[in-house]
Amino acid sequence: MKIRNQLLLLFLVLFGVLLLAFSIFIYLSSAQTRKDEYYKQLKREAITKANLLFDAKVAPSVLQLIYKNSANSLFEEEVAVYDTSFNLLYHDAVQIDKVKETRKMIDQIVQQKEITFDQGSLQVVGLLYIHHGKNYVLTAAANDEYGIKRLGELKNTLILSFIIIICFTVIAGYYFAGRALKPVAEIIDNVKEITATRLDMRVPVKSEKDEIGELAITFNQMLDRLENSFNAQKSFVNNISHELRTPLATVVGELQLALIKDRSITEYKEVIRLSLHDAKRLVKLSNGLLDLAKANFDQREIRMKELRVDELLMDARETVIKTMDGFNVDVLFEQEIENDDNISVMGNEYLLKVAFINLMENACKFSPDHLCTVTITYLHDKVILAFKDKGIGIKPQDLPHIFSEFYRGTNKDFTWGNGIGLSLTDKIISMHGGSITVASTENKGSTFSITLLHV
Ligand code: ADP
């Protein structure tokens, strides 16, 4: 069911129940008031007749004559006067006697002084009347036709008003619920138009203060993030294809050139050597991309365990020295290690090793002596690793960008690369709750410092 209809139904049920309760209350209290008032009227009528009979000494026959000839003030009223021994002293109209008094009833009136009850459509009141110290019992009965008719009219008016008000509520409720939800409908229309190719569109924010405004703002923020990541993906794919195309095109070119005519073994060897170099670049690139994808994973999916950083550094060192001719890495402890905890961190072995290899390789490849010195320091809660080189350094204008994906500094012509290494390293370190900083002076060298927290 649509929210508009749900709201309407809820409002209708709530309002309907309240209105019904209110109408029932009015009807019941009016009915009770009518009844009480009528009993009072009957009592007054009975006392008036008894006063005429006993005080004014009007003869019963005269009273009956007046009764017969006057339009009764109360409809079908009938007053009777008894003494306490159940002797009838006066009756308005014995022939139409409706209330059949009994000895028991007379005794009850004497005892309780006043009783009231209904008999069919009649309301009856019985009361004790004292005159000159003598007790008499008066009964009066009548039908409040006028009051009951008015009560019936009230009932009809209430039912009619209930129906009219409910109809009005349905119409007004439907209109106002629609008006209140109009911004939502507008958002829905807008959202329908937003597709992957139109991610720059935004939902209009009418008012920033209400919930719908908040919804629109939140939705726009989500679109901002989506657009950013969509653009990042696009440029990522562009960069990858560019990085892949260049070595592939070189390999294809070299091989085609070699096939054009017969060549000497030395020439063939040179072509193979160049192609192998490009193939290695491609392998490096694809490994880097694979690692980048791993580092982009949800952190919860990456298995962490307690690791000794010095062991990881030695592993990384070995890989660098083995795979890159002429590269050298020195690992130095700045303090004595008292126990494993001093240099233990919680981390993913593979990813941390990738990060260390990247920093070692960069240090070696950007320095003519191809030497990287790694120092290990520890404090009570962290381990600090510094990857130093005495190489060409980084230009100050490059420093803010070197951790961005595919960014290569102005010194890139000095050596090979693809711009993935540092962004990947940065991701890995922050995934481990650590931090990475760089200090570099042109033509003097660079130091990349990593801080990792203890287990
Ligand atoms: P690349 O594949 O180019 O090495 P990285 O992401 O590893 O990509 O590094 C990004 C850029 O940072 C490099 O292109 C280079 O300009 C600069 N850089 C990184 N490490 C060093 C370093 N040790 N010495 C000089 N420049 C460095």
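The model is predicted, with pLDDT of at least 70 required for local features and 80 or more for side-chain atom pairs, while totals for chains, interfaces and linings use all residues. Residues are numbered from 1 along each chain as its sequence is written, and side-chain values use heavy atoms, without hydrogens and water.

Two packed helices are described by the angle between their axes and the distance between the axes. H7 spans residues 309-323 and H8 residues 349-365. Their axes lie 9 Å apart, at an angle of about 55°. That makes H7 oblique to H8. Angles under 35 degrees count as roughly parallel, over 145 as roughly antiparallel, 65 to 115 as roughly perpendicular and the rest as oblique. Axes are lines fitted to C-alpha atoms, for helices over the stretch in contact, and angles run from 0 to 180 degrees between N-to-C directions. Helices (H or I, at least four residues) and strands (E, at least two) are DSSP runs, numbered from the N terminus.

Ala-355 is found in helix H8. At 0% relative accessibility, Ala-355 counts as buried (buried is under 20% relative accessible area, exposed over 50%, partly exposed in between, with a 1.4 Å probe and protein chains only). Its C-alpha lies 9.1 Å from that of Lys-427, a residue 72 positions away in sequence.

A search of the whole structure finds 7 aromatic pairs. The rings of Phe-11 and Phe-15 have centres 6.1 Å apart and planes at 15°, so this pair is stacked. Rings of Phe, Tyr and Trp (its six-membered ring) pair if their centres lie within 6.5 Å; planes under 30 degrees apart are stacked, over 60 edge-to-face and the rest tilted. Both residues belong to helix H1 (residues 3-54), 4 residues apart, about one turn of the helix. Phe-11 is partly exposed at 44% relative accessibility, and Phe-15 is partly exposed at 29%.

Phe-403 and Phe-448 form an edge-to-face pair, 6.4 Å centre to centre with 80° between the planes. Phe-403 lies in the loop between strand S10 (382-389) and helix H9 (421-431), and Phe-448 in strand S12 (residues 445-453), so the pair ties together parts 45 residues apart in sequence. Phe-448 is buried, at 7% relative accessible area. Elsewhere, ring pairs link Phe-54, Tyr-129 and Tyr-136 into a cluster.
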